[in-house]
Protein chains: 2
Amino acid sequence: YAAGDPMWGYFTAVAGQDGEIDAEELQRCLTQAGIHGTYTPFSLETCRVMIGMLDMDYTGKMGFNEFKELWAALSAWKQNFCAIDRDRSGTVEPHEMNQAILSMGYRLNPSTLSAIVKRYSKSGRIYFDDYVACCVKLRALTDVFRRRDSMQQGIVNFMYDDFLQCTMAI
Amino acid sequence: YAAGDPMWGYFTAVAGQDGEIDAEELQRCLTQAGIHGTYTPFSLETCRVMIGMLDMDYTGKMGFNEFKELWAALSAWKQNFCAIDRDRSGTVEPHEMNQAILSMGYRLNPSTLSAIVKRYSKSGRIYFDDYVACCVKLRALTDVFRRRDSMQQGIVNFMYDDFLQCTMAI
Ligand SMILES: [Ca+2]
Ligand SMILES: [Ca+2]
Ligand SMILES: [Ca+2]
């Protein structure tokens with residue numbers, strides 16, 4: 001029951017009158033909560049991607065359960081990033097990022113993996129904000145794919161509108 | 001022939017030793033060229049999306065022909081945005097954005113359109129950088145779809161790796 005949950009008060013304060021959290025509210029709240037620690041706070045773009053991951057009805061907002069789910073995922077990714085960024089430089093190397101993605105259980109061929117890691121790099125390194133954006137997108141797009149691949153054959157059909165709606169929102 | 005093209009000297013100066021333009025070089029060059037005019041310069045994220053639109057071999061870089069193609073597309077989108085943003089506030093309204101997308105020839109159902117416009121809004125308005133990111137993604141994802149929809153039936157198959165590679169890069 002939400003009212004007995006220690007995070008409920010926090011959620012309602014952030015969500016405001018409409019009772020849901022949009023991308024700008026999420027950015028403010030994650031920045032204030034300091035989840036990024038010593039790293040740069042999350043960009044609005046990454047917060048939009050976070051909303052997109054859980055926003056099944058495309059309202060651009062997040063309810064309490066989604067918020068808790070996101071929080072748990074972020075904590076795990078943060079821990080993961082800290083474990084790889086051993087020298088606390090705030091960035092990780094491409095080969096470390098490859099390793100991290102594979103260890104999350106994604107089975108990708110080397111060219112896909114290398115294209116993805118390159119996309120989220122800056123001057124050949126991966127910053128925390130981009131790392132999280134990449135993790136969120138990988139999870140969201142894999143979810144999109146799995147929901148349509150009910151026979152688990154590794155191949156899905158998309159109609160144009162459905163394809164755009166899923167991919168543009170993330 | 002490239003060497004006779006007035007943009008060739010500009011391109012080679014921006015591209016540097018490797019002869020291709022990556023997202024950071026693109027951001028610097030678009031900012032210096034002032035394509036954004038009085039609007040906020042393009043974010044690195046939007047520049048990555050621009051590269052992703054034309055980067056068929058997933059190197060994260062752009063050659064001379066791609067660069068010219070991008071330049072032409074950007075000029076058209078800029079003109080389009082200026083035409084909608086009549087009061088020069090730097091933002092356009094959701095219904096104006098809907099109209100702009102439809103007038104580009106995209107046939108989207110209203111729920112898809114509304115989800116997309118919401119995704120690229122900030123406080124209920126659309127800024128130039130987000131407008132361009134949205135136009136680039138719409139074009140890139142529609143291209144991805146069309147290349148697979150050779151029979152023009154409005155439905156395509158995706159394998160998991162192919163799906164991720166296409167969508168994560170944009
Ligand atoms: Ca709210
Ligand atoms: Ca490091
Ligand atoms: Ca270069």
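Guide: Let's begin with one pair: A:Glu45 and B:Arg119 form a salt bridge, with 2.9 Å between their closest N and O atoms. A salt bridge here is a side-chain nitrogen of Lys or Arg within 4 Å of a carboxyl oxygen of Asp or Glu. Four salt bridges are found across the interface of chain A and chain B. This is a predicted model, where local features need pLDDT of at least 70 and side-chain atom pairs count only at pLDDT 80 or more, while totals for chains, interfaces and linings use all residues. Residues are numbered from 1 along each chain as its sequence is written, chains are lettered from A in the order in which they are written, and side-chain values use heavy atoms, leaving out hydrogens and water.

Now the whole meeting place. Chain A and chain B each bring 45 residues to the contact (heavy atoms within 4.5 Å). Between them they bury about 4,000 Å², 57% of it on carbon and sulfur atoms; buried area is the accessible area (1.4 Å probe) that two parts lose on being put together, summed over both. In chain A, the residues that lose the most area to chain B are A:Arg119, A:Tyr160 and A:Met168, together 20% of what that side buries.

Strands meet here too. S5(A) pairs with strand S5 (residues 155–159) of chain B in the antiparallel sense, over five bridges. Strands are DSSP runs of E, at least two residues long, numbered from the N terminus, and two of them pair if DSSP finds at least two bridges between them. Within this pairing, A:Asn157 has B:Asn157 of S5(B) as its bridge partner.

Technical notes
Helix = DSSP H or I, 4+ residues; strand = E, 2+ residues; numbered from the N terminus.
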